[in-house]
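This briefing is intended for a reader new to the structure. Please consult the sequence and the model while reading the points below.

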Amino acid sequence: MSVSSASEPAQDCRIQTIEELHEYLYKGLQLEHATLPPYLTALYSLQPGKNSDAWHVIRVVAVEEMLHLTLVANVLNAVGGTPDLTRADFVPNYPTRLPCGPDYFDVHLRPFSPEALDTFLKIEKPAQAATEDDRFVPVDWAALGVTSDGAAPPPEELAALEESGTVLGLVPGEPTQRFLSIGEFYEEIIRGINHLEDQARKAGKTIFTGDPARQVTPEYFYSGGGDVIEVTGRDSAVAALTLVAEQGEGLYGGIYDSQDELAHFYRFEQLEKGRYYQKGDDPGEPSGPELSVDWSAVHPVKPDVKLADLEQDPEVLAAAREFNQFYATFLTSINLAYNGQPDLLLKAVWEMFRMRDRMNLLIRNPLTGHPGSNAGPTFEI
Amino acid sequence: MTQETSADTELRDFVRFSAAVTGFSEFDLWGTGQAEAYHRTALEQVGPEAVRAAMAADPSAVHADPVVKSIIKLWYVGVWYRPEQAGRLDVAAWTAPGRSGAKPAVPEGGRDGEDGSSPPFVVSPDAYTEGLLWRAIGAHPSGAKAPGYGSWATPPAFEDHHEEEVR
Amino acid sequence: MTSYDHTDPVIFPAGAATETSAAEAAQGEWDAVVVGGGMAGSIIAEQLGQAGHRVLILEAGPGKDLDLAEYESYLSRFYGAAVKDNQSPYPFNPNARMPRSTDTMPVRPDTPRDAFYLVQEDEYCTDTTFTRVLGGTSMHWEGKALRMLPEDFDLRTKYGQGLNWPLSYDDLEPYYRQAEAELGVSAEVEEQSYLGMHFPEGYVFPMHRMPPSYLDQTVARGVDGMRVSLADDDYTLRVRTFPQARNGVPNPAYDGGKGFVPVGAVSTSQVEEGERCQGNTNCVPICPVQAKYHAGKTLTKALRKGNVKIVTQAVASKVEIDEHDRRVTGITVKHYDALDSDRYETYTVKGTVYVLCAHAIENARLMLASDMQRMSRSELIGCNLMDHAYLLSWGLLPKPAGTMRGTSCTSGITDLRGGRFRGTQAGFGVDIHNDGWGWATGSPYTDLVELVDQRGLRGPELRRTLGNQISRQLLLAFMIDLLPERSNKVTVNERYKDALGNLKPVVSFKIPPYTMRGAAFARKLASDIFERLGAEDRTVYHRDRPSAVEHDGHWYNIVGGNHLAGTHIMGTDPAKSVVDHTQHSWDHDNLYLVGPGSLPSIGTSNISLTMAALAFRSAGHISRYLRAAKAPITVRG
């Protein structure tokens, strides 16, 4: 992505009102969260004590997605918005679709596998637009499988699609287009902030009107790599969003972000390449210690498992329902943390650990009606 | 419908029986990921006949079949204590995390002991971390399944008996 | 801390543990040869390396890089071990054996020679241990990081007991701060300012204190404000958290507002783990996430400098001495091929200065095996062996208190660490153990056997009873001061050798009456505390155990603290001490003995922080020594 700064001349910008900025940031929350269930499902499908390399790689990425969620919430709070992780459809119904770069692909809940890793790489893939025009791509509805003839769906269906997160990365307000990459999505938000803040300053005002007490500060975030940035104005907002984008994709084509953390794409790529990156490496050419992946030491979670699949196993069904309830409660407490009670984030970490234990139980339970497959969390919230 | 093999049926029966004697649900037991390993361990250690007899015995009797006791302890801490070692607190102490000293008259490392029995063993590293004991006591195995920074400052909660939760 | 002043993550240089062969090391000329890659050795190597000196570390343990895979193999070995003592995570190594608590027994003529490492021939045997792997005993230490009290430094002058230090609290204070930074200590200054302990204006610990456990809070409700009368003085007790070398919430006020970046897990690639304690309740024998400090964190920094090298699987077997000028001319090592082979090659490595950092027992053992006692003016090598005497008391609280959660120990009672009573009896600290009765009884496994096998409980009743019973357990561990006694000692004996032919340490250790008077008082105090808490006292001592000690007609069990010290004490007189205040040998000009062996007393603080502070202090002196030795003019005054 190309990172804007305040000194550059005003660029073309789709965000023209503070409400639009809020909506973009809500979409950011939804996007950051949407990767969590697939990452967690793959993570806990790993049999304990095996696949340590994969385990740590996925775990760190998942923890950093929580960091991203928090950073976006901080920006939204700083510009006077109200994070809401409890909106209907905040959690997508998996598989969800995430068009990114040249690819149209589905994001499934499934066990760790070459296919899952391939999806993770696509999610985090760096893609920088060559020209301004390339930043937006008309949605290929046929490739997405939404319509057979490739025509856009009728407006009401389109609106529902946009709201639900069934297709991620659509341009808010113009859902017939999508962003080339997640990086470009954040680039657009940064432009919007710059534009709106420039406008506000001309009037002697600022868009950073949020209550500073709503910021999540570093002491509340249980770091697994990377620090929370407290957003108090334009610079820190840009820094936070830049970090979100580059922690996924790397900074300016490099493999590390500005906090010296290896970007997610390259973390995952290590598993594909069988070798760790180290300082000084170029993309695609890790030169650190070797690592190994055992694709078979994985519990066979039924892909995109739904409650309906569990009906022959009443105890499993009950536990899966409980899990979804637990997950909804978890989102509620995170939401409270982002709405003025940042200390709840410490307790949310405990809840994440309990979630781990609950997911593990589900993931190891064989399914009666589906031989060779195990249960898993359905994330039907 | 799919064909369930007799091995599958036996395993399911073993888990069903284990649920009754451990006080945990079948879901919980499968959830440890240890069902097969424990079933295999019991079969290998005492033979199919003894396992069958144990599963048919009255589980509520205090002086029940010692194989039943071995199976319960297996689920609770992942250690196979031979039926002849039932009631041996010194053997239990020797295998507990955090314990120092006091070696009982049971040798290490698979050799035969003074009483002709082999020493207790942990079925696998996961068997330790999947022990039911830790859930029963509202905690987590020492060294695994951490509950999170500072969580220890709150009152304990037990999954199964809410009336005893303390405030 | 929004500006991320990032230091390099702790990436262990891949291959560093094996890249230097013993043969290459023996051909090299090193500024400093350091024996032991534990806490003291790592600090010395890191500091000397930082000052530009060429340093070689000799490590007796296995030659594996400190990476996550190796660390997780420790963890997995612990999970799978039938006996989970504090050495259980580490591989059995006949070539550099470690004492194990499970091997504790009086050695008789017919005891199999491979059944033990630490040789004890007395009726009383200590189950104390130390660890011989890369990182040393810090791999299994609990992580308490208390300073010694100012009065501990002049116990003889103040109370007519023990020995004075050649240093004062104030001399060591800046180095305590340096050690607290290196180890990453979590604590609050206000809470730690007691019994004369003081800190410079504005100082804060790197991280905030560990939150006290629910069990601590339960105990505090009964104990806070409790008054104790002792030797004509009154003491008011309170429950206080311990400073801990484990990662918590960084204090933004640290270092004049610069804050502190916790050091997480060590590996050869970038991992983000261990930045904060997760409450695994397993500090001993191994923290699963490396939130607890271990010397590998310092060693990694040292080895990244390029001028610090390490040879592993190299057991220092002899200190070579020039008979004429008594300077050390080399360290002879036996470099073994593998853990399961007794094949080895012998090399002698040479340096300008030699630093023995192999822990109290191994430092003494090595020097005694090298026949250095005959050159010692004090003849105190191996003498004055100290370790905290632990007396355990356990009771059952009236209500569940959440036992088995938290770090192994978050709080305790420290008001009786110091006071005038030390003229007649030992001071002590009290640990409230978050891990229940395990140390004393083998709970919770013994509870399981009792309930299942003896009481015949099944199903939900079993589950419920276990929860109720174990969550109410309270174990108080009294860590009692033990003064230096010449007769408590490490020796060697040609009868006892290990697989490489190195002499094993022979230990003779008795609990002195001064300590036992403290123990007897501790026992009474425990009863009083249990009574105030409404707890049922379940303490039982066994006179048939090697840990049994009789005092005043009563039997107690005194167990080891793994706080070994004193075998080469520091002092001001070469006839009465082995090293000076810089840990410089009185008898060999180019030899330093760095580690807890130099402590002339251990007071009531776990020894590691003090040992680390001393190591930082000595590193400066060693560096000055080296600069002088390397200076072109070598006229000696």
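A residue counts as buried if 20 or more other C-beta atoms lie within 10 Å of its own, as exposed if 12 or fewer do, and as partly exposed in between, with C-beta atoms placed from the backbone. By that rule Phe379(A) is buried, because 23 other C-beta atoms lie within 10 Å.

The model is predicted: local features need pLDDT of at least 70, side-chain atom pairs count only at pLDDT 80 or more, and totals for chains, interfaces and linings use all residues. Residues are numbered from 1 along each chain as its sequence is written, while chains are lettered from A and ligands numbered from 1 in the order in which they are written. Helices (H or I, at least four residues) and strands (E, at least two) are DSSP runs, numbered from the N terminus.

**Chain A**

- Phe379(A) is located in the segment after helix 11 (344-363) of chain A, and its phi is near 55°, a positive value in a residue other than glycine.
- Helix 8 of chain A (residues 234-249) has 16 residues and reaches 22 Å from its first C-alpha to its last, close to the expected 22 Å (1.5 Å times one less than its number of residues).
- Because 13 of its 16 residues are buried, helix 8 of chain A is largely enclosed by the rest of the structure.

**Surroundings of Ile470(C)**

- Ile470(C) belongs to helix 13 (residues 459-470) of chain C and counts as buried, because it has 25 C-beta neighbours inside 10 Å.
- Leaving aside neighbours within four places in sequence, Ile470(C) is in contact (C-beta atoms, placed from the backbone, within 7 Å) with residues including Ile137(B), Ser443(C) and Pro444(C).
- The peptide bond from Ser443(C) to Pro444(C) is cis, with omega near 5°; Pro444(C) lies in the loop between helix 11 (438-441) and helix 12 (445-454) of chain C.

**Other features of chain C**

- A cis peptide bond, with omega about 5°, also joins Val284(C) and Pro285(C), and Pro285(C) is in the loop between helix 8 (254-257) and helix 9 (296-303) of chain C.
- Asp232(C), in the loop between strand 3 (227-230) and strand 4 (233-236) of chain C, has a positive phi of about 70° although it is not a glycine.
- Asp232(C) counts as exposed because it has 7 C-beta neighbours inside 10 Å.

Notes: Two residues are in contact if their C-beta atoms, placed from the backbone, lie within 7 Å.
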